[in-house]
Amino acid sequence: MTSSFIPYGRQLVDEDDIAAVIDVLRSDWLTTGPCVAQFEEAIAAFTGAPFAVAVSSGTAALHAAMHAIGIGPGDEVIVPAITFAATANAVMFQGATPVFADIEEDTLLVDPTDVERRITPRTRAVIAVDYAGQPCNYDVLRQLTEYNNLTLVADSCHSLGAEYKGRKVGTLADLTVFSFHPVKHITTGEGGMIVVDDAGLAEKMRSFRNHGISTDHRQRELRGTWYYEMQQLGYNYRITDIQCALGLSQLNKLPAWLCKRKELAATYDEYLRDSSFTPLATRPYVQNAYHLYVGRLPLAVDRNLVFQSMRHHGIGVNVHYLPVYLHPYYRQKLGAKDGLCPQAEKAYERILSLPLNQTMDETAVERIVRLLIGAMEQ
Ligand SMILES: *Cc1c(COP(=O)(O)O)cnc(C)c1O
């Protein structure tokens, strides 16, 4: 690796962000303070969702969502084969069973036809994943879940700021989950959020992130009371004010960063047009948030050689993701076998993520493409 290593994703933190965090460090509330509610309101306003609940990670957000909708032992939840493991893990946390659905070949988004095939009398919910930043086909998924009386959850950890047919991510499913890990669009270090249009579900998740207790420390202090009740079993999934101050400051920059990502992706598209590397398709009715820039290598090319050559030149290419059910844990737990989702397995063999982050410029894209084409020809 060289000192000019270009990672596939990384945060951009400036002096405004640092100043915002320092202000909180000097204030009375490091956690459960006013910044948490401000960050929730800002994300709700940005996405157009009525309620937002901030938690300690995207994974905690998925868990809170599964808990709030009452997923439990004996239930099945359909998840795409190609996603980060946390999507399926959240189903396992609740003692339920993730059922893997295959993906569409050109977008790697969950295939609604295959989702329909995997519905059983035990199915309770579907988690759609907006892979790489592109919203799933929500009109079809909505129709399917409404018809079968299932809850539709969006794992939108890749797609904060994306749109589907003119509607923002956050308003397309019953519950929508975001992550603020440093590789995502905006960061709080670690952090997550659920947006929802149901006040009751929001309340359940607020309690769930705080041990299942009905009020938090600040609410009791404001009311001048010590008494509280634990109403259900919850966790400590709280996010700090220090983190939310960073998130609020980062959110100011998100619109410009989304434009930047789109421009970088368009530059990749252009430079790669005549190459044998095939970028994922973006549907004409979506605004892609471009968390990742993913494409497919031709069959004749050895991905390991390309990967090693790129890494040797300091280019942080990556592979997102091994089909979740092929992880040893899921093979053992669910007895999942090769061939369960053929498109996902086929795609997994050929895909490569090229670096895409708001610290890059067009010169970097040109260099990456030049190195990629060289590596594919070796
Ligand atoms: C990042 C991510 C998560 C988990 O988020 P954390 O904040 O890292 O816990 C879940 N699902 C997907 C698709 C992700 O990319």
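**Close-up views of a predicted model**

**View 1. Asn 149 sits in the loop between α6 (138-147) and β5 (151-155).** Helices (H or I, at least four residues) and strands (E, at least two) are DSSP runs, numbered from the N terminus. This is a predicted model, in which local features need pLDDT of at least 70 and side-chain atom pairs count only at pLDDT 80 or more, while totals for chains, interfaces and linings use all residues. Residues are numbered from 1 along each chain as its sequence is written, and side-chain values use heavy atoms, leaving out hydrogens and water. Although Asn 149 is not a glycine, its phi is positive, about 60 degrees. Most residues other than glycine have a negative phi. Asn 149 counts as exposed because its relative accessibility is 70% (buried is under 20% relative accessible area, exposed over 50%, partly exposed in between, with a 1.4 Å probe and protein chains only).

**View 2. His 211 lies in the loop between α7 and α8 (217-223).** Here, too, is a positive phi in a residue other than glycine: near 65 degrees for His 211. With 33% relative accessibility, His 211 counts as partly exposed.

**View 3. A cis peptide bond joins His 320 and Tyr 321.** Its omega is about 5 degrees. Look for Tyr 321 in the loop between α11 (303-312) and α12 (328-334). Most peptide bonds are trans.

**View 4. Ile 22 belongs to helix α1 (residues 15-25).** At 33% relative accessibility, Ile 22 counts as partly exposed.
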